[in-house]
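Here is a short briefing on one protein chain. Please look at the structure first, then read the points below.

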Amino acid sequence: MSYEEGFSSTITDWLFFNSWWLLLPLIMLLVVVAFIVAFVLLLYMISPLISPKPLKLNGAHVVVTGGSSGIGKSIAMECYRQGAFITLVARDESKLVQAKKEVEKCAINDKQVVLCISVDVSKDYRQVESVIKQCQEKLGPVDMLVNCAGTSFSGKFEEVEVERFRSLMEVNYLGSVYPTRAVITTMKERRMGRIMFVSSQAGQIGLFGYTAYSPSKFALRGLAESLQMEMKPYNIYVTIAYPPDTDTPGLAEENRTKPLETRLISETSGVTQPEQVAKIVVKDAVQGNFNSSVGPDGYMLSALTCGMSPVTSITEGLQQIVTMGLFRTIALFYLGSFDSIVRRCMIEREQSKAVDKRE
């Protein structure tokens, strides 16, 4: 073999050897991608095996607190459309009577019944317990409890009356604790049931003007997480719903005192119809999903704030892991925008005061 042929062979061998080293990262990447795809497909296939069995609403007894208006009434109507027996619980008897008529229009058979009970679920536990016992005697054990009784209020921290902090915690938190405490024993005995807590996106992120309202909604998450861990062995599943601003009488009342900063921040996400919220949260509760969110913003918030919250399926947990980084990046832009709104309003207010002093 000549020198030129030997040199050429050496060069060829060197290039062949190094080409494999150049291709190795690509090959490893393809292997990793294939492994991830196979893993995701496996999770997708086995997730139904570990997810709770859906609750059949046809013939089920559903109790809805705060069911005389807004989201609560829409949830009752959605459940009634699926064949459930409904107990509406609220304070205002006249509103309850009107809500009953609206719910009854959604019947799918002539056996369905709507029961109305007037009581303040946030004041006296013994009275709430008596009411739950009364409705169970008439319509049977409670299969699903929807805790929707609540009220909202917005205002600057130093301008909110101290009494308002207490009343919001009573209505929004204890108003969910008492009915849940009243139904839980029977659910454990039957080893089945669903409990829904209707929180708010303000129960996921603290915003300007919600120093009194947000804590009362954040508290529901702590209750829901703790309760789910206790109840899961008994085949009882808890759902916590985080609806956005929804077109209800409660929102209209809140808007009367809403600070400018709060209103501008709220406008970035728009207003949702209660019927849309009801369809989503009822579906999630029936399936036993822990988190229930509405719309893209709601999905992002739930993924960002999931923390140590329970998951209903492995795929849900995987989605949260994969999207966390991206959603956090988007959230930083949102937070920057919110801070900008607050700062701009403060500057405009100070300039206006300065002008008034000169005059």
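Serine 292 is found in strand 7, which covers residues 291-293. Helices (H or I, at least four residues) and strands (E, at least two) are DSSP runs, numbered from the N terminus. The model is predicted: local features need pLDDT of at least 70, side-chain atom pairs count only at pLDDT 80 or more, and totals for chains, interfaces and linings use all residues. Residues are numbered from 1 along each chain as its sequence is written, and side-chain values use heavy atoms, with hydrogens and water left out.

**Serine 292**

- Is Serine 292 buried or exposed? Serine 292 has a relative accessible area of 0%, so this residue counts as buried (under 20% relative accessible area; exposed is over 50%, partly exposed in between, with a 1.4 Å probe and protein chains only).
- Leaving aside residues up to four places away in sequence, Serine 292 touches Thr239, Ile240, Ala241, Tyr242, Ile280, Val281 and Asp284. Contact here means heavy atoms within 4.5 Å.

**Helix 2 and helix 9**

- Helix 2 (residues 70-81) packs against helix 9 (residues 274-287) at an angle of about 55°, and their axes are 8 Å apart. Axes are lines fitted to C-alpha atoms, for helices over the stretch in contact, and angles run from 0 to 180 degrees between N-to-C directions.
- That angle makes helix 2 oblique to helix 9. Angles under 35 degrees count as roughly parallel, over 145 as roughly antiparallel, 65 to 115 as roughly perpendicular and the rest as oblique.
- Residues of helix 2 in this contact include Ile71 and Cys79, and those of helix 9 include Val281 and Val282.
- The contact of helix 2 with helix 9 has eight nonpolar, two polar and three charged residues. Ala, Val, Leu, Ile, Met, Phe, Trp, Tyr, Cys and Pro count as nonpolar, Asp, Glu, Lys and Arg as charged, and the others, Gly among them, as polar.

**Helix 5 and helix 6**

- The axes of helix 5 (residues 162-190) and helix 6 (residues 213-231) come within 8 Å and cross at roughly 15°.
- Helix 5 is therefore roughly parallel to helix 6.
- Among the residues that meet are Leu168 and Ile184 in helix 5, and Leu220 and Met231 in helix 6.
- This contact of helix 5 with helix 6 divides into twelve nonpolar, four polar and two charged residues.

**The whole chain**

- The protein chain has eleven helices and seven strands.
- Of its 359 residues, 45% count as buried.
- Among contacts with a separation of 6 or more in the protein chain, 76% are between residues 24 or more positions apart.
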